[in-house]
Amino acid sequence: MAINIGPTLRRRREWARLTQQELIDHTRMDRSASYISALETGRSSPTLVELEQLARYFRISVIDLLNEASDDEARRSQATTADAPPADDRVQRVFEALDEKGQTLALDLLELLVRHRGRS
């Protein structure tokens, strides 16, 4: 079974606030920005080398990237059958990926944002 990494790639790219061209530049792929578009829409599939470049940029393993894409695909298919939007667990996954010091810093930052919003 083929795994479509497109939606996962797009979500990670947008989360990092990168354009398709910036992702090409950062990964040093010898491709155009339209190639990232083709990946994201499922019109093309990356090579193993390109998967490694993408995973390395997002600081995860190729296996983790493929597992994430597979999980995203399963959630999308469940949502289609259940007519409910998939749960968005990005914050939890990112938080759990941090070490204890990073988690403390993340919580402090979130509390600061909440306090700042309260003053606005």
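Modeller: A word on terms to begin with: a residue is called buried under 20% relative accessible area, exposed over 50% and partly exposed in between, using a 1.4 Å probe and protein chains only. This is a predicted model, in which local features need pLDDT of at least 70 and side-chain atom pairs count only at pLDDT 80 or more, while totals for chains, interfaces and linings use all residues. Residues are numbered from 1 along each chain as its sequence is written, and side-chain values use heavy atoms, with hydrogens and water left out.

Colleague: Fine, and how many helices and strands are there in the protein chain?

Modeller: The protein chain has seven helices and zero strands, where helices (H or I, at least four residues) and strands (E, at least two) are DSSP runs numbered from the N terminus.

Colleague: And how much of the chain is made up of buried residues?

Modeller: Of the 120 residues in the protein chain, 27% are buried. As for contacts, meaning heavy atoms within 4.5 Å, 52% of those between residues at least 6 apart in sequence join residues at least 24 apart.

Colleague: Let me ask about valine 49: is it buried or exposed?

Modeller: Valine 49, which is found in helix H4, is exposed, with a relative accessible area of 52%. Valine 62 comes 13 residues away from valine 49 in sequence, and the two are 9.8 Å apart in space, C-alpha to C-alpha.

Colleague: Which residues of helix H4 are buried, then?

Modeller: Helix H4 covers residues 48–57, and its buried residues are Glu50, Leu51, Gln53, Leu54 and Ala55.

Colleague: Changing topic, at what angle do helix H2 and helix H3 pack?

Modeller: Helix H2 (residues 20–27) and helix H3 (residues 33–40) pack at about 105° with their axes 8 Å apart; the axes are lines fitted to C-alpha atoms, for helices over the stretch in contact, and angles run from 0 to 180 degrees between N-to-C directions. H2 and H3 are therefore roughly perpendicular, given that angles under 35 degrees count as roughly parallel, over 145 as roughly antiparallel, 65 to 115 as roughly perpendicular and the rest as oblique.

Colleague: Which residues make that contact?

Modeller: From H2 come Gln20, Gln21, Leu23 and Ile24, and from H3 come Ala33, Ile36, Ser37 and Glu40. Sorted by class, the residues of this contact of H2 with H3 are four nonpolar, three polar and one charged, where Ala, Val, Leu, Ile, Met, Phe, Trp, Tyr, Cys and Pro count as nonpolar, Asp, Glu, Lys and Arg as charged, and the others, Gly among them, as polar.

Colleague: And how do helix H1 and H3 pack?

Modeller: The angle between helix H1 (residues 6–15) and H3 is about 125°, with their axes 7 Å apart, and that makes H1 oblique to H3. Gly6, Pro7, Leu9, Arg10 and Arg13 of H1 meet Ile36, Leu39 and Glu40 of H3, a contact of H1 with H3 that has four nonpolar, one polar and three charged residues.

Colleague: What about aspartate 72, is that buried or exposed?

Modeller: Aspartate 72 is buried, with a relative accessible area of 7%, and lies in helix H5, which runs over residues 62–82. Apart from its neighbours within four places in sequence, aspartate 72 is in contact with Thr8 and Arg11. Thr8 and Arg11 are both among the buried residues of H1.

Colleague: How many aromatic pairs does the structure hold?

Modeller: There is one aromatic pair. The ring centres of tyrosine 57 and phenylalanine 58 are 5.2 Å apart and their planes are at 80°, so the pair is edge-to-face; rings of Phe, Tyr and Trp (its six-membered ring) pair if their centres lie within 6.5 Å, with planes under 30 degrees apart counted as stacked, over 60 as edge-to-face and the rest as tilted. Tyrosine 57 is partly exposed at 28% relative accessibility, whereas phenylalanine 58 is buried at 12%.

Colleague: One last thing, what is the phi of arginine 59?

Modeller: Arginine 59 has a positive phi of about 60° although it is not a glycine. Most residues other than glycine have a negative phi. Arginine 59 is found in the loop between H4 and H5 and is exposed, with a relative accessible area of 78%. Arginine 28, in the loop between H2 and H3, likewise has a positive phi of about 60° and is exposed, at 71%.
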